[in-house]
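I opened the model to look up its charged pairs. Strand pairing came next.

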Amino acid sequence: MASLSESEVTKGGSMWELDQNLDQPMDEEAGRLRNMYREKKFSSVLLLRLAFQSLGVVFGDLGTSPLYVFYNVFPRGVDEDEDVIGALSLIIYTLTLIPLLKYVFVVLRANDNGQGGTFALYSLLCRHAKINTIPNQHRTDEELTTYSRQTYEENSLAEKIKRWIEAHAYKRNILLIIVLIGTCTAIGDGILTPAISVLSASGGIKIQKKNMSTDDVVLVAVVILIGLFSMQHYGTDKVGWLFAPIVLLWFILIGSVGAVNIHKYDSSVLKAYNPVYIYRFFRRRGNSDSWTSLGGIMLSITGTEALFADLCHFPVLAIQIAFTLIVFPCLLLAYTGQAAYIIVHKNHVADAFYRSIPDAIYWPAFVIATAAAIVASQATISATYSIIKQALALGCFPRVKVVHTSKKFLGQIYIPDINWVLLILCIAVTAGFKNQSQIGNAYGTAVVIVMLVTTFLMVPIMLLVWKSHWILVVTFTVLSLMVEVPYFSACILKIDQGGWVPLVIATVFFIIMYVWHFCTVKRYEFEMHSKVSMAWILGLGPSLGLVRVPGIGFVYTELASGVPHIFSHFITNLPAIHSVVVFVCVKYLPVYTVPTDERFLVRRIGPKNFHMFRCVARYGYKDLHKRDEDFEKMLFDCILFFVRLESMMDGYSDYDEFSVPEQRTIESMNNAFLTEKTCNTMCSNGDLSYSSQDSIVPAQSPLRGSSLLRYSGQASTVGDELEFLNRCKDAGVVHILGNTIVRARRDSGIVKRLAVDYMYAFMRRICRENSVIFNVPHESLLNVGQIYYI
């Protein structure tokens, strides 16, 4: 590529000024739907109903923890009563500090319009600071109704923190790595939760059926797991109405049995609510044993992070009501009752939950426990799908098939490839370990890592989003780390006893996600630096130096401004181009959804007789490309709407753009165009460069017999142009996709060559193409290949 000289840029009437006027970044109208996403007010009855429904979606994983906690705390058995009381005291105050105080009353408030999880926190930060590693955002994106952000005073602490984070690329990369670590470990939760929950529930068979071996229990658990994962394609919406009653029955069961056991066996366990017994627990058992026991106590709060990740379709207040009124009291009763039973029956600690259940209700309790374990697994699996969808949208995961399983709920999705990977790994963990202890060690390690990541991400959230006082931030961080760091150190001590499993799983997923993201960023940088000057394109004239043949060409690019290099490559090597050319940019923003009425932005490129347009389709990380959507038709309808609207906006420049609603809105507004338009005064900061070998001598386009070409000069009226566009569409539509192949330079190190030339290339071959995602007909597809060395 040959760059323009400084004298060419600075002289009057320069190409820079021409680019500035003809290819400005896109603006959209502001404030049309600001009231749509205001916080909703719920009646008391509706709030209670939502609190009830949240039980089945949010609290299943946390509620099934009593199945396996005490066994993992005392894998070698119990010696003294005070050991049980000390462990119970630790469980009580861990439940109080982490799920109740930290998550339910603090972290849940950091949701992104009701969406929770690691990537939701990251999207909040991306909106409040320029930390997105793919810089494809523009200030007009901030005017979306779902794009909320804070402004800061010049010398405020938040502004200083913001500038400090934005100052260097390595800080943004460190933040991304922290997010990926939390995400990959949360995916590990999706493997370990079904394994330990179903295996623990299935273990109840051995209590009544003494002749059953451990292998038989494992076989039962594997059958249940296969059935669970095989039904995922139906979606949780099909059986969702069962979830809340099952979990409510479960909490009533464990709470009632716990209360009975306290009264029946030993009410002295209530003294565990005195935190002094925590100190006595560590003093009696010694540093090594007590520290190791922390790994088991950590399991009492498993599901807490899933509580945040599954935050969807329920207001925070409903979840707070459900936790404080039902979940928290029932869990305290369940653990206290088990402790009372264990004090009397110390040799039953391995299966204390089932043995403490009265014989009269044993089998109903077993059925409810198994159903609750399935619900808990379902919630975690669904959260894993959601996490991967978010990572995919932000360019951190290979393109996989995402199926929308519910017409009513946006967040209910199914990812077939990931589903079977999770099933295989889940069966491997269950059949490989065969006991709750080792799976519990692995599970605890995964959970505590995700919690640490959440704590670290909450620091910039509190400073930048909430503008909290630094004393509150320090207090929150210190209290959280005081609990989580000891648990993390205890889990690390058990790496050789199963704790290595989540680390291996997280490492594999981290490598996949980081390599994909790295190469995606490099591809975008290549597009940015090699885009073609608009002045050069306009210099070719209306014919672009080629024959303008009937039809419409949709040129897909990652650039929201400028002409992509693949277009110059295309017109250099082919003698003809379509009568209408539309540059299509599909980009994802750090918002959970983009309202359909604000999804498409359209503008004209150059004079009308060039018949060139740009369309930007914007999506949030929760938005899906549905199979029944006709993306091609939506694009064409948006262009027609733009042309009609443009003709009505007398006094505005031909180069302004409009926010175009989707098809159903276009139909309803066919005769009433009520919108605003904003003129853009920002110049493109693109690289003004062109290739000397791409220069084409302008040629007169020969006129054929087709009536389409009579309109190729210019449309005298809007009716003529609309007729011209429709005839071009009838003549045929071609989708031109750039196929940029990334390769490592020959002088690159062996690690980089392995990552780029083999790992990334393999993932590119097996992942879905953009043409499949947008339902582009194969016969209308044209790939333009190019190689980029990094």
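How many salt bridges does the structure hold? I found 14, taking a salt bridge as a side-chain nitrogen of Lys or Arg within 4 Å of a carboxyl oxygen of Asp or Glu.

I noted the basis. This is a predicted model, where local features need pLDDT of at least 70 and side-chain atom pairs count only at pLDDT 80 or more, while totals for chains, interfaces and linings use all residues. Residues are numbered from 1 along each chain as its sequence is written, and side-chain values use heavy atoms, with hydrogens and water left out.

I looked up E82 and R280. Their side chains form a salt bridge at 3.9 Å, N to O. The pair links distant parts of the chain, 198 residues apart: E82 sits in helix α6 and R280 in helix α13. I took helices (H or I, at least four residues) and strands (E, at least two) as DSSP runs, numbered from the N terminus.

Next I checked R163 and E159, which meet in a salt bridge at 3.4 Å, N to O. They are four residues apart in helix α8, so about one helical turn separates them. R163 is partly exposed at 36% relative accessibility, but E159 is buried at 13%. Buried means under 20% relative accessible area, exposed over 50%, partly exposed in between (1.4 Å probe, protein chains only).

I then turned to the strands. Two strands pair if DSSP finds at least two bridges between them. β4 and β10 pair in the parallel sense over five bridges. β10 and β11 also run parallel, over nine bridges. H735 in β10 partners F554, and L781 in β11 partners H735.
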